Amino acid sequence: MKAGGTTRVWVRRGLGLLGLALAVLLGLSHFVRLRYQGRIVPLAVAPEAPVALVFGAGLAPGAVPSPVLAQRLDAAIALWRQGKVQSLLVSGDNSAPFHNETRAMRRYLLEHGVPEDAVVGDEAGLSTYDSCLRAHSVFGANRAVLVTQRFHLSRALFIANSVGIDAWGVAADEGRATPWRYTVRETLSRVLALGMVLLEVKPGSTDGQPPTAPR
């Protein structure tokens, strides 16, 4: 076989393997996305639960919640006001100096009328996986409503239900289109979440707090 022919064979094989890998990745991501799809419900018909788990989403200048995070907090406040949940567990990443998500989230909730005794903070929510695992193992949450944007809910629900929480989800951006960049990111993140669940990865922070969230 000529050199050119050999090269074409290896190119075809390489492309075939790449296509197979992509198909597997998309298939696994699709599985995670659909696994608990039926547990995403409108806020108005969300089931009652002891606690709502609110995931951090960055801060804006002035150490205030970013627009995405404020959207999540507003949905959580609505759940609490409607009597759907008894308390709000805010889980944020405070690993960087001058970036305290949990403090900003608590302050936002208190300023919007949620009483202090109804707000619980987890300062070691370094990732969605950590937030869900710690909500169950550290704060004793066995049933919860997860509050985040629609694009994130599938992954969050998969993790939460896999680590022992009877979880339902409310989309903070209900009825709004998802930006394409989030769709691409979640395709990969869902596969990573599946791997972490199967491997039973330990949380990134070992800091523990007394379980103060309702069970």
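A residue is called buried when its relative accessible area is under 20%, exposed when that area is over 50%, and partly exposed in between (1.4 Å probe, protein chains only). By this definition, buried residues make up 47% of the 215 residues in the protein. The model is predicted: local features need pLDDT of at least 70, side-chain atom pairs count only at pLDDT 80 or more, and totals for chains, interfaces and linings use all residues. Residues are numbered from 1 along each chain as its sequence is written, and side-chain values use heavy atoms, with hydrogens and water left out.

**Figure 1. Overview of the protein.** The protein has 6 helices and 7 strands. Here helices (H or I, at least four residues) and strands (E, at least two) are DSSP runs, numbered from the N terminus. Along the sequence their pattern is α-β-β-β-α-β-α-β-α-β-α-β-α. Taken along the principal axes, the box filled by the C-alpha atoms is roughly 80 × 40 × 30 Å. A contact means heavy atoms within 4.5 Å. Of the contacts in the protein with a separation of 6 or more, 75% are accounted for by residues 24 or more positions apart.

**Figure 2. Strand β1 and its partners.** Two strands pair if DSSP finds at least two bridges between them. Strand β1 runs parallel to β4 (residues 85-91), to which 6 bridges join it. Within this pairing, Phe55 has Ser91 as its bridge partner. Strand β1 also runs parallel to β6 (residues 143-148), and here 4 bridges join the two. Leu53 stands opposite Leu146 in β6. In a regular strand the side chains alternate between the two faces of the sheet.

**Figure 3. The largest nonpolar core.** A nonpolar core is a set of buried Ala, Val, Leu, Ile, Met, Phe, Trp, Tyr and Cys residues joined through side-chain atoms within 4.5 Å. The largest one holds 31 residues, of which Leu53, Leu89, Cys132, Leu146 and Ile159 touch the most other members. At least two residues of this core come from each of β1, α4 (128-137), β6, α5 (150-162), β7 (166-171) and α6 (180-199). Helix α5 gives the most, with 6 residues. Not counting residues up to four places away in sequence, Cys132 touches Leu53, Phe55, Ala156, Ile159, Ala160, Val163 and Ile165. Apart from this core lies another, of 26 residues, among them Leu43, Met105, Val145 and Val170.

**Figure 4. Helix α4 and Leu133.** Because 8 of its 10 residues are buried, α4 is largely enclosed by the rest of the structure. These buried residues are Thr128, Tyr129, Asp130, Ser131, Cys132, Leu133, Arg134 and Ala135. They pack against β1, β4, β5 (119-122), α5 and α6. Leu133 has a relative accessible area of 15%, so this residue counts as buried. Leaving aside its neighbours within four places in sequence, Leu133 is in contact with Val138, Val163, Val201 and Pro203. Leu133 and Phe55 are 78 residues apart along the chain, and their C-alpha atoms are separated by 12 Å.

**Figure 5. The largest pocket.** On a 1 Å grid over the protein atoms alone, a pocket is an open set of points where a 1.4 Å probe fits, with protein on both sides within 12 Å along at least five of seven lines; lining residues have an atom within 4 Å of a point. Grid points are joined across faces, edges and corners, and a volume is the space filled by probe spheres set on the points. The volume of the largest pocket is about 350 Å³. It is lined by 18 residues, and Gly56, Ala57, Arg72, Thr128 and His152 are the closest to its centre. Helices α2 (67-81), α4, α5 and α6 each give two or more residues to the lining, and α5 gives the most, with 3 residues.

**Figure 6. Gln71 in helix α2.** Gln71 lies in helix α2. Its relative accessible area is 17%, so Gln71 is buried. Apart from neighbours within four places in sequence, Gln71 is in contact with Gln149, Ala172, Asp173 and Arg176.

**Figure 7. Two residues with positive phi.** Most residues other than glycine have a negative phi. Ala63, although not a glycine, has a positive phi of about 60 degrees. Ala63 is found in the loop between β2 (59-60) and β3 (64-65), and with a relative accessible area of 35% this residue is partly exposed. Glu200, also a residue other than glycine, has a positive phi near 55 degrees. Glu200 is found in the segment after α6 and counts as exposed at 64% relative accessibility.
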